[in-house]
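Hi everyone, thanks for having me. I'd like to walk you through a structure today, so let me put it up on the screen.

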Amino acid sequence: MDAAEVEFLAEKELVTIIPNFSLDKIYLIGGDLGPFNPGLPVEVPLWLAINLKQRQKCRLIPPEWMGVEKLEKIRDHERKEETFTPMPSPYYMELTKLLLNHASDNIPKADEIRTLIKDVWDTRIAKLRVSADSFVSQQEAHAKLDNLTLMEINTSGAFLTQALNHMYKLRTNLQPSEGIQSQDF
Amino acid sequence: MTEALDLTGRDSDAGSEEVVLTPAELIERLEQEENLRRAKKGDLKVSIHRMEMERIRYVLSSYLRCRLMKIEKFFPHILAKEKTLHEGELSSLSPEELVFAKQYMANTETYLKNVALKHMPPNLQTVDLLRSVPKPDLDSYVFLRVKERQENILVEPETDEQRDYVIDLEEGSQHLIRYKTIAPLVASGAVQLI
């Protein structure tokens with residue numbers, strides 16, 4: 001999977017908007033979206049929220065975890081722990097990027113939030129690198145990766161699985177077979 | 001939800017090397033497109049429905065692309081498996097995909113014959129595609145998410161020390177493991193590949 005596809009999946013997450021138009025209930029294939037009344041908050045999938053914002057038809061409300069204090073706590077917790085801590089949303093990276101790119105005027109202290117999220121990401125990726133390294137050097141056969149988000153797995157996963165596949169092939173071919181003669185050059 | 005259904009199939013296919021069974025009802029979704037053509041009132045409604053339709057179309061077409069890529073990569077093995085299906089077993093390919101695979105095989109054979117094999121000495125003019133095309137690597141490592149709790153999955157490390165150990169798979173947890181160990185769980189839907 002590439003990063004664009006992970007972002008596509010993240011766009012299904014629900015966010016709250018305040019529309020400035022009115023529309024009665026719509027029946028999408030993925031589910032119903034409640035009637036839209038100007039000034040009243042309503043939950044819609046992220047792809048629709050971004051689109052409406054671009055057409056200046058709504059205001060976006062940041063999710064409750066996207067605040068400076070909350071994120072500082074998350075960042076410090078992540079730095080203290082050796083394992084991965086649960087993230088406020090399985091798509092925290094994509095949500096922050098999309099919301100900050102399209103709706104930074106609706107989000108207080110956008111720049112600080114950007115920095116905090118980047119810190120959290122860097123810490124987690126560093127932990128992932130360390131644990132991947134020990135996985136390979138100790139030739140483990142199995143790893144548990146709870147609390148890792150899809151974007152993090154995707155970023156390092158392709159390289160990691162290919163490396164592990166090669167290692168496996170090299171290891172399983174270590175048995176000496178009789179009858180194999182090396183060529184003379 | 002439609003997208004969840006599609007993406008389970010899509011994720012599994014992208015993560016593993018086998019061709020997993022196609023749910024045929026995915027195709028019905030496109031027929032719903034017909035229903036939406038009638039709604040002319042309210043430009044906004046129409047555009048919202050159209051956007052969703054585009055998204056669904058993207059998921060379906062990337063799913064199809066993934067399957068076709070697998071067919072092209074492993075066509076001799078897939079066709080051999082189709083030939084040996086017993087009574088009552090479902091094919092993992094849709095009828096159109098089967099036709100595609102057969103045509104691809106015929107075209108490849110014709111191509112090889114005309115470009116190279118025709119000019120070889122007579123006793124070297126056949127090529128065994130089943131042996132020359134690489135098999136799907138079932139020992140590759142995959143990431144997975146557990147849907148149903150599983151107990152006592154045997155993990156065999158490859159080092160010389162005898163360290164077979166069993167693990168339990170908790171619901172909702174994520175793991176990195178060799179595909180072969182969990183292949184039956186993917187087929188039964190107990191785990192989902194990431």
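Look at B:Arg57 and B:Glu54: their side chains meet in a salt bridge, 3.0 Å from N to O. By salt bridge I mean a side-chain nitrogen of Lys or Arg within 4 Å of a carboxyl oxygen of Asp or Glu. Both residues lie in helix α3 of chain B, 3 residues apart, which is about one turn of the helix. Helices here are DSSP runs of H or I with at least four residues, strands are runs of E with at least two, and both are numbered from the N terminus. B:Arg57 is partly exposed, at 32% relative accessible area, and B:Glu54 is partly exposed too, at 42%. For those words, buried is under 20% relative accessible area, exposed is over 50%, and partly exposed is in between, with a 1.4 Å probe and protein chains only.

Quick housekeeping. This is a predicted model, where local features need pLDDT of at least 70 and side-chain atom pairs count only at pLDDT 80 or more, while totals for chains, interfaces and linings use all residues. Residues are numbered from 1 along each chain as its sequence is written, chains are lettered from A and ligands numbered from 1 in the order written, and side-chain values use heavy atoms, leaving out hydrogens and water.

Back to the charges. The structure holds 20 salt bridges over all chains. Which residue does B:Arg55 meet in a salt bridge? That's A:Glu11, at 2.7 Å from N to O. B:Arg55 sits in helix α3 (residues 43–83) of chain B and A:Glu11 in the loop between α1 (3–10) and β1 of chain A, so the pair joins two chains. Both B:Arg55 and A:Glu11 are buried. Within chain A, A:Glu64 forms a salt bridge with A:Lys70, with the closest N and O atoms 3.4 Å apart. A:Glu64 counts as exposed, at 64% relative accessibility, whereas A:Lys70 is partly exposed, at 36%. There's also a network of salt bridges linking A:Arg75, A:Asp76, A:Arg79 and A:Asp119.

Now, how do the two chains meet? The contact, meaning heavy atoms within 4.5 Å, takes 42 residues from chain B and 43 residues from chain A. Together the chains bury about 4,000 Å², 65% of it on carbon and sulfur atoms; that's the accessible area (1.4 Å probe) that two parts lose on being put together, summed over both. The rule finds 3 salt bridges across this interface. A:Lys169 and B:Asp137 also meet in a salt bridge, 3.2 Å from N to O.

Last stop, helix α6 (residues 179–188) of chain B: its buried residues are B:Tyr179, B:Ile182, B:Ala183, B:Leu185 and B:Val186. What covers them includes β1, β2 (150–155), β3 (165–169), β4 and β5 of chain B.
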